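Please work through the following exercises with the sequence and the model in view, and try each task before reading its solution.

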Amino acid sequence: MLCCICKEKEATVHLTQIAGDKMQKVDLCEDCAKTKGVNDPTGFSLADLLLGLGASQEIEQAAGGAEIKCARCGFTHADFKKAGRLGCPECYTTFSEALDGLLKTMHKGTRHVGKVPETLRKTRDLSDRLKLLQKKLGKAIEDEDFEQAAIFRDEIKQVTARLATSSVT
Amino acid sequence: MDIHAFLTPPAESARRKGPYDRIVMSSRVRLARNLREASFPGWAKKPERVRVLELIRPAIEALPDMKDAFSEAMDSLSTLDKQILVERHLISREHAAKSAGSGLVLNRDETFCVMINEEDHLRMQALRPGLQLRQAWTAIDQADSNLEKKLEFAFSPELGYLTACPTNIGTGIRVSAMLHLPGLVLAEQINPIIQSVNKLGLAVRGLYGEGTEALGNVFQVSNQMTLGESESAIVERLEKVLGQIIEHEENARGTLLEKKAKMVYNHIGRAYGILANAHSISSKETMNLLSLMRLGVDVGLFPGVDRALVDELFILTQPAHLQKQHSEKLSAEERDLLRADMVRERLRHVSRPIAKPPPPQSPELDKTEK
């Protein structure tokens, strides 16, 4: 029997739930069972798993029953469950734990790939450059190449100054 | 400003041409953006929504692409106006339900349309006739880069652009095309196609987007995932899949004409018969029959008839467009009568389909247009 979620691997976890007068069965492979958090059969709803990809369950788990509230906009975890939308950009930090699993089931990856606003891109490039220079400076000092070290030091000064002005704007 | 004076007349917009437009009716790329320091529209109170609108609207109007644009707050548009914009696929049904604190900016040639305070602070879309996803992406990318000089968008290095709904997070992009697929429907191949497209992580929806029916054999195909894949990779993937769907549709048409020509002619002939002679017809039936007539034009059963005639009727026969042509408020039954009158009148000079079409045109002809 194949896993009813990935439909690839052999199902080894078999669950049956009786709700009212209806019986539901789910057959999962070990990996899917793990990602869906099905290690405690009493603590999850089959309907959830079948219909909502375990979305509400993941949220529930992360929240641990406690009411989380966004400090900036006052949006609560219950609001999220009801609307399926968040309150403000800050909510992504507030509810990050709950969102983690949700994003994993929804998207291809969990880290952004693609366009970055130009101001941030510049800052990022500069800080990358800074890190590289500091490394080079360390190496030069180690090698007692003080002529090179002086050049790196001056450049670090310049980059630091540019970084400071670019993050202000 | 009057939206009706602004919108391109249906006769003209039905004549817009693009690559592969016998199957791909239009291409669209949408970006979702939000301001860093404001609550999302669905959660913000009215004063905050109004403040956001007042901040964003001038920034949009100032874009070079928005010269001579139509710009209006949603509460100053009538229900009918909004419905017309939905029927033109310029705004979503959700946005049509919005009033105070939401807005719309639409450029002169209807290729760039921005919804303010829909689900996100900004939903901007680039529209093109035919298959032109890359062009649409380039255009919207540029507009977005221009805007970020004036507005500070909510962005996280890990999660990308932050959106009200977690399903749009990351790139905030939705790349989509509207496809006319009567061949696949008649050949009963549409369901397996939809299923395999779904398996690739793409969504197939009806004529008006999420949760709508595929009226008139028109389907929207779009990406679903927005996090973990770059914009250009998504555009490329869509292009590839659309290319395959186009091929399947052409093949289905070819096979049908070869093996089940009578069935196809029968459908098209009956569609013409009803459209040209009915005295009462619903919007849904009209769409479905016009789709068959469009197919008839494509396969050469209506020599001398331009596809634009059918495409114009696609627009004009929809409820709000029909209502707009009459000053008094029409009931659904009255609309059905007037719709039938209009279609009969328009088809008065269209001869019935010929019994046997000229030898089928190879799909290559269409490709050379590109």
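**Exercise 1.** Determine what share of the residues of chain A count as buried, and describe the fold pattern of chain A along the sequence.

Solution. Of the 169 residues of chain A, 22% are buried, where buried means that 20 or more other C-beta atoms, placed from the backbone, lie within 10 Å of the residue's own. This is a predicted model, in which local features need pLDDT of at least 70 and side-chain atom pairs pLDDT 80 or more, while totals for chains, interfaces and linings use all residues. Residues are numbered from 1 along each chain as its sequence is written, with chains lettered from A and ligands numbered from 1 in the order in which they are written. Next, chain A contains eight helices and two strands, taken as DSSP runs (H or I, at least four residues; E, at least two), and their order is β-β-α-α-α-α-α-α-α-α.

**Exercise 2.** Find which residues have the most contacts inside the largest nonpolar core.

Solution. A nonpolar core joins buried Ala, Val, Leu, Ile, Met, Phe, Trp, Tyr and Cys residues through C-beta atoms within 7 Å. The largest has 120 residues, and those with the most contacts inside it are Val24(B), Leu133(B), Ile140(B), Leu179(B) and Met293(B). Its largest share, eight residues, comes from helix H9 (residues 231-259) of chain B. Another core, of seven residues, lies apart from it and includes Val26(A) and Leu28(A).

Technical notes: A residue is buried if 20 or more other C-beta atoms lie within 10 Å of its own, exposed if 12 or fewer, and partly exposed in between; C-beta atoms are placed from the backbone.
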